[in-house]
Amino acid sequence: MRLQDQIVLVTGSSRGVGLAIAKAFRAQGAQVVLNYHSSDPETVAGVAKDMGGAFPFRADVTDPDQVKALFDAAEKHFQRPITTVVNNAITGGFEFNGESGRRKIPDISWSDFDGQLQGFLRGTLNTTRAALPGFEKFAGGGGGGGGGGRIINIGSNLFHNPVVPYHDYTAAKGALLGFTRTCAAELGPKGVTVNMVSGGLLETTDASASTPEEVFEQIKAITPLRRVTTPEDLAGAVLFFAGPWADAITGQELIVDGGLVMR
């Protein structure tokens with residue numbers, strides 16, 4: 001599936017990593033749906049205009065009715081269904097800032113885990129279910145020919161190398177990897193590929209904006225490439241999974257962290 005032929009939904013794409021991914025797709029000629037929830041609508045509309053005609057739509061991915069409305073509106077706007085879904089939205093909150101804001105085991109509660117699972121797992125379930133009718137239209141009801149759709153979930157290298165034990169966030173991302181693989185197994189016969197791109201600490205996003213400079217320097221010192229990866233680095237891997245180069249790849253995780261985690 002050529003990138004320029006795709007209608008791409010990137011959840012949580014009004015800023016940060018999601019926006020970098022959306023811009024990368026748009027630069028390759030894909031049509032893009034900018035999903036947001038809490039951002040200012042006028043600001044998002046300006047971002048969409050600057051990208052050259054992206055379609056902004058406000059929806060809470062944890063609400064299946066809002067997600068369905070998003071998919072219906074996008075199909076009406078582009079006159080074609082969404083072909084590619086990038087599940088990036090964070091609804092539980094996360095800041096990579098060392099000790100501050102991080103609950104350790106004596107203090108953490110199930111509600112903390114539930115908040116992260118709601119965003120990552122429930123949100124991804126909602127978008128995956130909503131995407132399937134459009135995928136079937138795109139593929140003519142069958143697989144082959146480059147596939148009937150693409151799903152790329154955004155993970156984290158923390159569940160491979162928990163250098164900072166954000167228990168709830170890391171557990172939810174680990175669960176998302178499991179869901180990625182079960183979806184890949186079930187949806188493969190429909191021509192749908194499902195993969196994950198897992199980043200490390202990125203320089204710089206909203207989540208890492210409060211990270212002390214010495215933390216970035218520590219990451220650089222122990223990473224083979226001797227640099228901290230960027231949102232644009234991660235976006236490149238997402239484009240790989242979405243493009244024709246990955247037609248025969250599904251159920252896989254690609255870690256983008258400069259070689260800090262090697263598998």
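Residues are numbered from 1 along each chain as its sequence is written, and side-chain values use heavy atoms, with hydrogens and water left out. Because the model is predicted, local features need pLDDT of at least 70 and side-chain atom pairs count only at pLDDT 80 or more, while totals for chains, interfaces and linings use all residues.

**View 1. Helix H4 against helix H5.** Here H4 (residues 110-138) packs on H5 (residues 167-187) at about 20°, with the axes 8 Å apart. That makes the pair roughly parallel (angles under 35 degrees count as such). Axes are lines fitted to C-alpha atoms, for helices over the stretch in contact, and angles run from 0 to 180 degrees between N-to-C directions. Helices are DSSP runs of H or I with at least four residues, numbered from the N terminus. H4 passes H5 in a right-handed crossing, meaning that the near helix is turned clockwise from the far one by less than a right angle. On the H4 side, the residues in contact (heavy atoms within 4.5 Å) include Phe113, Leu117, Phe120 and Leu121; among their partners in H5 are Tyr169, Ala172, Leu176 and Phe179. The contact of H4 with H5 splits into 14 nonpolar, four polar and three charged residues. For these classes, Ala, Val, Leu, Ile, Met, Phe, Trp, Tyr, Cys and Pro count as nonpolar, Asp, Glu, Lys and Arg as charged, and the others, Gly among them, as polar.

**View 2. The other partner, helix H3 on H4.** The axes of H3 (residues 64-78) and H4 come within 8 Å and cross at roughly 30°, which makes H3 roughly parallel to H4. This crossing is right-handed. Pro64, Val67, Phe71 and Glu75 from H3 meet Asn126, Thr127, Ala130, Ala131 and Lys137 from H4. By class, that gives five nonpolar, two polar and two charged residues.

**View 3. Helix H1 across helix H7.** H1 (residues 16-27) and H7 (residues 231-242) cross at roughly 50°, and their axes come within 9 Å. H1 passes H7 in a right-handed crossing. Val17, Ala20, Ile21, Ala24 and Phe25 in H1 touch H7 residues including Leu234, Val238 and Leu239.

**View 4. The largest cavity.** The model holds two cavities of 30 Å³ or more, a cavity being a set of points on a 1 Å grid over the protein atoms alone where a 1.4 Å probe fits but cannot get out. The largest has a volume of about 110 Å³, taken as the space filled by probe spheres set on the points. Eleven residues line it, with Asn157, Gly200, Leu201, Ile219 and Leu260 closest to its centre; lining residues have an atom within 4 Å of a point. Six are nonpolar, four polar and one charged.

**View 5. The second largest cavity, with H4 in its lining.** This cavity has a volume of about 60 Å³. Its lining includes Thr11, Val61, Asn87, Asn88, Phe120 and Leu176. H4 supplies the largest share, four residues. The lining has four nonpolar, six polar and no charged residues.

How values were computed
Helix = DSSP H or I, 4+ residues; strand = E, 2+ residues; numbered from the N terminus. Parallel < 35°, antiparallel > 145°, perpendicular 65-115°, else oblique. 1 Å grid on protein atoms, 1.4 Å probe; cavity = no way out; pocket = protein on both sides within 12 Å on 5 of 7 lines; lining within 4 Å.
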